[in-house]
Amino acid sequence: MQAQALPRLLFGNPGTPLTLGQHEATFASSYRAASLLDELEASGLTGRGGAAFPTARKARLLRDQRGHNKVVVVNAMEGEPVSYKDSTLLGTNPHLVLDGAAILASIIGAKDVIICVSRDNPTAVGHVQRALDERQRVGARGPDFKLETAPWRYVAGEESALVHWLDDNESLPQYRPQRPSILKIRHHAVLLDNVETCANVGLIGRFGAAWFRTLGTAVSSGSLLVTVTGALERAKVLEILPGMTLRAILNVADADADPRALLLGGYGGSWLDAVHLDTPYDNESLTPLGASVGAGIIVVLGREGCGVVETQRVVKWMANESARQCGPCAFGLPALSDDLVELSTGSRASASAFTRLEHRCGVIDGRGACHHPDGVVRLVRSALRVFEQDFRSHARGAPCDGSRSQKYFVNVPKLEREHELIWE
Amino acid sequence: MGVRRRTGVFYLRVNPILCDGFGHCHELAPELVNMDEWGYPIIEKEPTPLSNLAALESARYAVRGCPRQALRIERVSES
Amino acid sequence: MIALTTPYLWYTTRATGLVALVLFTCVVALGTFVANRVGGTVVGRFEINELHRSISIVAMVFLVLHVTTTVIDAYAPTGLLSAIIPLTSDYRRVGVAVGAVALDLMLAVWISSLLKIRIKNASWRFIHWFSWLAFASAILHAYLTGTDTKSGLGLAVVAACALCVLAAALWRYFARPTRAAGRTALSPLAAAKGPGPSAPRVASPNAAASIPRSPPSATRGVDTRGNATSFPRGPSPRTEKKRR
């Protein structure tokens, strides 16, 4: 594995995960790190759940917390509907994830690891369960692993909502004014990391930071898992290197080479105009363009599509996914959705809806307890920027042809119940 | 009580989960709290100097008057 | 135990009891006004809240006077114990018991409100709901124990109070705001369209874990047929792949 480039994380056959024996054989290594935390720090690994927070810094913060019964939580909820990387990873290499979680547990001094998979993804649950059973049968040393299955909702993957579900059986995001704030289950400190982050930690533990840094850029080290959906035949999960241009990624994914725009970062991310296709795919290059890598999500919007309609569909679903705890989100997101519906149909009210849209974005932004409304506002603002001409023609009452075709590129789940909210 | 330092600033913070849009804060501290179209407070993000006693008093009344106890005054003293 | 034998104590008991009942009727009515977000134009909402708090203090004073005069009065032998613990009085056992229940609940409501800043808002709200039960007990107590309330003006007053609070309770329920539909008329945006039909009604967060949740129709997994994903690797997984 020493000279291996890619794949690292997706080594194997997705759908047929490596057994424990195969895993140990494939990732056998004699490298022993002196200090795992220093190794993690040297690797420069950042979180793969969307926020890209330095993993070593988070681990150090948790290690310095007082308390005996710390917990490591592995977040495999994958709340974004257009992201499949986490379930693919669990279907390829669950033991790598478990290794990483065990390493994090040893760093912070935790005895328990909880892996949270979405209840509505029975395949992934099965993969993790089998991996845990294998470990138990072999009698592997390390922390106590536990599998928890939370019901799938968009905000259920948000870290405070997930920890609150573990604590109180309700996936409700919490208000956390203190920065830095430590997640807690009862009063036990929690280190929560994304599945892909844990897998990378597992690799670093086996092969060291220097090996890890052989791939990737100076700032974004390691490899990235990316889900590409939209204008392509089959959704793809790719393991790529940061710094690869978007055009190259689309090429490898066999996607439409001449799209209208890309949606980067998920439903709470931003649109990017296709003129920027030659931008390297990493946060340093994307941030000046108002986009980000996020949780490695790319949705390709074909030329026949309409950005206004796609944005409207996403915002309508996101409004329904609000936890309804905070007024600006509970009322503001449906209002944005209504305005976007007016705009996408090009009705008589669309001109006033257009002027209201930017104003409402400014009012809603930053006033929720979690960042759900912020994500929607970011999406809408980026849509107003990228699809400005389309919005103006819609506002004049002349919607484009793309809006009338029923061909949609962004896969939005069907709305179950419009006005009701049942939380478990 | 002793001499209170009047240097530094304060923020009026709202817990958006507890807030239920009663609107008492907007009535009691209109210079710090505005209202959005759904009845929820838009609070001044800029800090207010502690020397602005009128604003501090309004903020205190708002904190006391909130039916959901959703408001807090966060003092940041000059260091 | 102090026990005085002047009849004026007994008159004071009856009088303060009635006054306390009337005042608590006002308090409950004002409480429903606060909860249903009355005000904002002529009267400020915070003013109604302050009235509710202030009158409750006055009502508590009269309640304490009522209990004290009862306890130290030798004519109607009710000790301090029976004022707090129900069914321990020899004199009009049930009536005084109901009064004790009302007193206990009101003390809980009052103390929790004094400590409102220090306790969790959810706990305070939970205790505050019992004020309805406290009032109902007070009405029952007034009718069962009261000397004046069995007929005439006294009965009319008690009946009026009971009807007022019943009306307030019904109004509280039927005119309740959708989850925070509060709009103060002072807001410059007050004229804008309100939440409208899209305003969500929140089902109780703890409701119905048994309601079946259909899995989201988004495909979980790589593609709908469950086939292996295609991702960049050559014929052998050990081939060098430079991706720049």
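Q: In which sense do S8(A) and strand S10 (residues 297-301) of chain A pair, and over how many bridges?
A: Strands of a sheet pair through backbone hydrogen bonds, in either a parallel or an antiparallel arrangement. Here S8(A) and S10(A) pair in the antiparallel sense over four bridges, and A:Leu262 stands opposite A:Val300 of S10(A). Two strands count as paired if DSSP finds at least two bridges between them; strands (E, at least two residues) and helices (H or I, at least four) are DSSP runs numbered from the N terminus. The model is predicted: local features need pLDDT of at least 70 and side-chain atom pairs pLDDT 80 or more, while totals for chains, interfaces and linings use all residues. Residues are numbered from 1 along each chain as its sequence is written, with chains lettered from A and ligands numbered from 1 in the order in which they are written.

Q: Which strand of chain A pairs with S8(A) over four bridges and joins it in a hairpin with five residues between the strands?
A: That strand is S9 (residues 270-273) of chain A, which pairs with S8(A) in the antiparallel sense. In S9(A), A:Leu272 is the bridge partner of A:Leu262. Within the hairpin, A:Gly265 takes a positive phi near 95 degrees.

Q: Are the faces of strand S8 (residues 261-264) of chain A covered or uncovered?
A: In a regular strand, side chains alternate between the two faces of the sheet. Both faces of S8(A) are covered: A:Ala261 and A:Leu263 are buried on one side, and A:Leu262 and A:Leu264 on the other. A residue is buried if 20 or more other C-beta atoms, placed from the backbone, lie within 10 Å of its own.

Q: What is the strand order of the open sheet in chain B?
A: The three strands follow the order S4-S1-S5, with antiparallel pairing. S4 (48-49) and S5 (71-76) of chain B are edge strands with a single partner each, so one side of each has no neighbour in the sheet. Six bridges join S1(B) (residues 9-14) to S5(B), and B:Tyr11 stands opposite B:Glu74 in S5(B).

Q: Which elements of chain B make up its secondary structure, and in what pattern do they follow along the sequence?
A: Chain B has two helices and five strands, arranged as β-α-β-β-β-α-β. Along its principal axes, the C-alpha trace of chain B spans about 40 × 25 × 20 Å. Buried residues make up 43% of the 79 residues in chain B.

Conventions:
A residue is buried if 20 or more other C-beta atoms lie within 10 Å of its own, exposed if 12 or fewer, and partly exposed in between; C-beta atoms are placed from the backbone.
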